[in-house]
Amino acid sequence: MKSEKKKKLILSVITLILVFGIVGSAIDIILRQRRAANVIDLQNKTRVTLSWWGNDARHLYTMEGVDAFQDKNKDIEVSYRYGVWSGYEKRNRVWMESDNEADVMQINYAWLDEYSKDGKGYYDLRQLSDYIDLSNFTESELLYGTNNGVLNALPIAMNTHTFYYNQDLLDKYGVGVPENWDDLVKLGKLAKKDGKYALGMSKKQLFLILIAYYEQSFGTKVFNEDGTLRVDKDGIKFMLEYYKILFDEHVICPIDSFDRAKYFSGDIIGTMCWISDTKIYSDGLAETGVNVSMGSYPVMDGAKMSGWYIKPATMWAISADTEHPEEAAKLLNYLLNDPYMVTLQGTEKGVPVSDAAVHVLSENGLKETNEYKATEVMTKDQDSLNLMIPNMENEDIIDCFKSGADEYLYGKTQIDKCANDIFKAMNDVIKED
């Protein structure tokens, strides 16, 4: 009996081995078939790359939108490159100089001048008008992305600077929202008693606010239209002298120690930021439980010119070297005009320029957003705003000013030498470009 049972057990094991072997082989065949199908599927798709910068919220809604784009366009696969702004500009320079840029790119307005002065640095979008609905933009709006007669990019939104203040702190000090330079200095002096600052901002905003003060004072621009300096050494000295007043009187927080946490905590009362950053600096401050007020651009009595500027917030462009222009154009059009993508993005990049996008958002409370309110002010003042000259945002030029100014602010050099050094360094950068 034991021998019989042993035989049956052996037969059962053999049977199981054979069954599992057959099943295993079948599963393996199925898996191989699926992998082969996936490879064939990928081979039948056109792969395009997309690059952008921003915060986590932007990354998430962009990827969600692109997933929906791929569902609509089964023959296109999109891969990503994205990151925060810090360091992104340098990475973009490497990509552009090594011909490794993405097919579709979010670009800064200043990059048109840097990479495509002749109009050949990015693809001519008019050649792709069968896939991109250019009717959503006026000819004047298309001019923002045109170099040497070639349409290189489309504006996502328009941008200028705006000011946001902690209204509760303004009430505490018994002052209104600053309207001019004297108001800002007054607020700084009040804040100084408590170890606070009137404003916090980045080095770019610092540079631009000093440009505004200079141009209002003298009625002449700091930069010529071709990006060369119109200001002389004495002009740089004038800007440094005013910067020291703003620094000493706690109007502007030291640039290297500014962070949003101090603004949200009330150590800094207000900020100067792009309209496209409204969600961060206005909505974000309101979420801490305080009342927020929007301020106007400071202007001096009898100003000879406004000194404030306007530009496209960001733009979409297509690589001049793309191997898949039609697919890239479909993606670009989707990012600007598709109702689902427009709803996902909302006003995170500012109020859209595209008529199709504005129509979608107008049905979903666009006029109630702080971005819309700030854009209304920009539109009202548009005649007094100048189109930004790309070198005003040139990181190397701004670094020349900021690092040189630090030497003067902290007593390491005399103002005349500092002004001369900054003037020379700026011109050296401009000549290299």
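Predicted model: local features only at pLDDT ≥ 70, side-chain atom pairs only at ≥ 80, totals over all residues.
Biologist: OK, how many helices and strands has the chain?

Modeller: There are 17 helices and 14 strands.

Biologist: How many of the residues count as buried?

Modeller: 52% of the 433 residues. Buried is under 20% relative accessible area, exposed is over 50%, and partly exposed is in between (1.4 Å probe, protein chains only).

Biologist: What about contacts between residues 24 or more positions apart?

Modeller: They account for 75% of the contacts in the chain with a separation of 6 or more. A contact here means heavy atoms within 4.5 Å.

Biologist: Switching to charge: how many positive and negative side chains are there?

Modeller: 48 positive and 67 negative, and the centres of the two sets lie 9 Å apart. Lys and Arg count as positive, Asp and Glu as negative, and His and the chain ends are not counted. The place of a charge is NZ of Lys, CZ of Arg, CG of Asp or CD of Glu.

Biologist: Now the aromatics. How many pairs does the count come to?

Modeller: It comes to 24 aromatic pairs. Rings of Phe, Tyr and Trp (its six-membered ring) pair if their centres lie within 6.5 Å; planes under 30 degrees apart are stacked, over 60 edge-to-face, and the rest tilted. One of the pairs is Trp85 with Trp111, which is stacked at 6.2 Å centre to centre with 20° between the planes.

Biologist: Where do Trp85 and Trp111 sit in the chain?

Modeller: Trp85 is in the loop between strand E2 (76–83) and helix H3 (88–97), and Trp111 is in helix H4 (residues 109–115), so the pair links parts of the chain 26 residues apart. Trp85 is partly exposed at 29% relative accessible area, whereas Trp111 is buried at 0%.

Biologist: Which pair do Phe207 and Phe223 make, stacked or edge-to-face?

Modeller: Edge-to-face, because their planes are at 75°, with the ring centres 6.4 Å apart. Phe207 is in helix H8 (residues 203–218) and Phe223 is in the loop between H8 and helix H9 (233–248), 16 residues apart. Phe207 is buried at 2% relative accessible area, and Phe223 is buried at 1%.

Biologist: Which residues form the aromatic cluster with Trp53?

Modeller: Trp85, Tyr88, Trp95, Trp111 and Tyr115 are in that cluster with Trp53.

Biologist: What is Ser51 in contact with?

Modeller: Leaving aside neighbours within four places in sequence, its contacts include Arg81, Tyr88, Trp95 and Trp316. Ser51 is in strand E1 (residues 46–53) and is buried, with a relative accessible area of 1%.

Biologist: And where is Phe258 found?

Modeller: In the loop between H9 and helix H10 (260–265). Phe258 counts as buried at 17% relative accessibility. Past its neighbours within four places in sequence, Phe258 is in contact with several residues, among them Met201, Cys253 and Tyr281. Ile268 is ten residues from Phe258 in sequence and 8.7 Å away in space, C-alpha to C-alpha.

Biologist: Backbone next. What is phi of Asp99 and of His250?

Modeller: Asp99 is near 55°, a positive value in a residue other than glycine, and His250 is near 60°, also positive. Most residues other than glycine have a negative phi.

Biologist: Are those two buried or exposed?

Modeller: Asp99, in the loop between H3 and strand E3 (104–107), is exposed at 57% relative accessible area. His250, in the loop between H9 and H10, is buried at 14%.

Note on methods:
Residues numbered from 1 in each chain as written. Heavy atoms only, no water. Helix = DSSP H or I, 4+ residues; strand = E, 2+ residues; numbered from the N terminus.
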